[in-house]
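Colleague: Hi! Could you walk me through how the helices sit together in this one?
Modeller: Happy to, let's look at it together.

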Amino acid sequence: MSKTYADFLDNVMPDVPGCTKSMAENAVKNTIIHFCEKSLILQRNHDPLTCIEGISEYDFEPPSGQLVIKIMKMWFKGSELIALAPDDIGVAEIYNTAFSGANTSKSDPVYYLQKEERIVSVYPIPSTTVASGFTIRVAYKPSRSATTVDDVLFEDYAEIIGYGAKYRLFLSPGKPYSSLDAATTHKGLYTEGLNVAIQRASRGHVRSDLSVQLRSA
């Protein structure tokens, strides 16, 4: 199921008299995108990707209207890959294999990284083709062109998203509802709710110790 931005307006419009529906919906959209980016609350299993011999870069294929924010976990077959941040990369071949003497040897991938927002890269270069060889857990956000969003954002966070949208609207200059004091109050309420979502995204819906990690035998 999915919800439209208009579904969130009951938590916005009563407090911003004179605000147009289109302005309120835009504030809701911007708030939802920010909420997803900062909380990473929309975590889902990406469709498995086929590992292809000799290919190290793979396009994300998210559902329509969604974009991948971050890879949370990635596996090649049954082995978890190690995430690489840009500052961790000391191997030129990850960026370029065309120069003389470049190491283009192939092996099972050990690392993954996002050199570009829409692409995941693996290293070493795969030595074999494995159907559905990559398992990926990702965090999503709605794209700018999306007209609907995941219903969990409405069911669990409609009030919080309403606070964020009103905070943005209260900062609009010269409007009947403009109010720096109200913006400050609603920013605080939104931030409170965002922090709850951040904790939920990291812990899930359980009370386990974060130091406990499930490992394969």
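**Helix packing**

Modeller: Let's start with α3: at 1.5 Å a residue, its 24 residues should span 34 Å, and its end C-alpha atoms are 35 Å apart, which agrees. The expected span is 1.5 Å times one less than the number of residues. Helices (H or I, at least four residues) and strands (E, at least two) are DSSP runs, numbered from the N terminus.

Colleague: Before we go on, what kind of model is this?
Modeller: This is a predicted model, where local features need pLDDT of at least 70 and side-chain atom pairs count only at pLDDT 80 or more, while totals for chains, interfaces and linings use all residues. Residues are numbered from 1 along each chain as its sequence is written, and side-chain values use heavy atoms, with hydrogens and water left out.

Colleague: Thanks! Which residues are buried in α3?
Modeller: A182, A183, H186, Y190, G193, L194, A197 and A201. Buried means under 20% relative accessible area, exposed over 50%, and partly exposed in between (1.4 Å probe, protein chains only).

Colleague: And what do the buried residues of α3 pack against?
Modeller: They pack against α1, β2 (43-51) and α2.

Colleague: OK, α1 then. At what angle do α1 and α3 pack?
Modeller: Helix α1 (residues 21-39) and helix α3 (residues 180-203) pack at about 45 degrees, and their axes are 9 Å apart. That makes α1 oblique to α3; angles under 35 degrees count as roughly parallel, over 145 as roughly antiparallel, 65 to 115 as roughly perpendicular and the rest as oblique. Axes are lines fitted to C-alpha atoms, for helices over the stretch in contact, and angles run from 0 to 180 degrees between N-to-C directions.

Colleague: Which residues make the contact?
Modeller: From α1 you have T31, H34, F35, K38 and S39, and from α3 there are Y190, G193, L194, A197, I198 and A201. Contact means heavy atoms within 4.5 Å. By type, the residues of this α1 and α3 contact are six nonpolar, four polar and one charged. Here Ala, Val, Leu, Ile, Met, Phe, Trp, Tyr, Cys and Pro count as nonpolar, Asp, Glu, Lys and Arg as charged, and the others, Gly among them, as polar.

Colleague: How far apart are the axes of α2 and α3?
Modeller: The axes of α2 and α3 are 8 Å apart, and the packing angle is about 145 degrees. Among the residues in this contact are D156, Y157 and F170 of α2, along with H186, K187 and R200 of α3. The contact of α2 with α3 divides into 11 nonpolar, three polar and four charged residues.

Colleague: What about α1 and α2, at what angle do they pack?
Modeller: α1 and α2 pack at about 115 degrees, with axes 8 Å apart. Residues of α1 including M23, V28 and C36 meet residues of α2, including L153, I161 and L169. The contact of α1 with α2 has 13 nonpolar, four polar and one charged residue.

Colleague: Which residue just after α1 takes a positive phi?
Modeller: L40 does, with a phi of about 60 degrees. Just after α3, G204 takes a positive phi of about 75 degrees.

Colleague: Switching topic: where is T4 found?
Modeller: T4 is in strand β1 (residues 2-4).

Colleague: And what is T4 in contact with?
Modeller: Leaving aside neighbours within four places in sequence, T4 is in contact with T147 and T148. T4 is partly exposed, with a relative accessible area of 32%.
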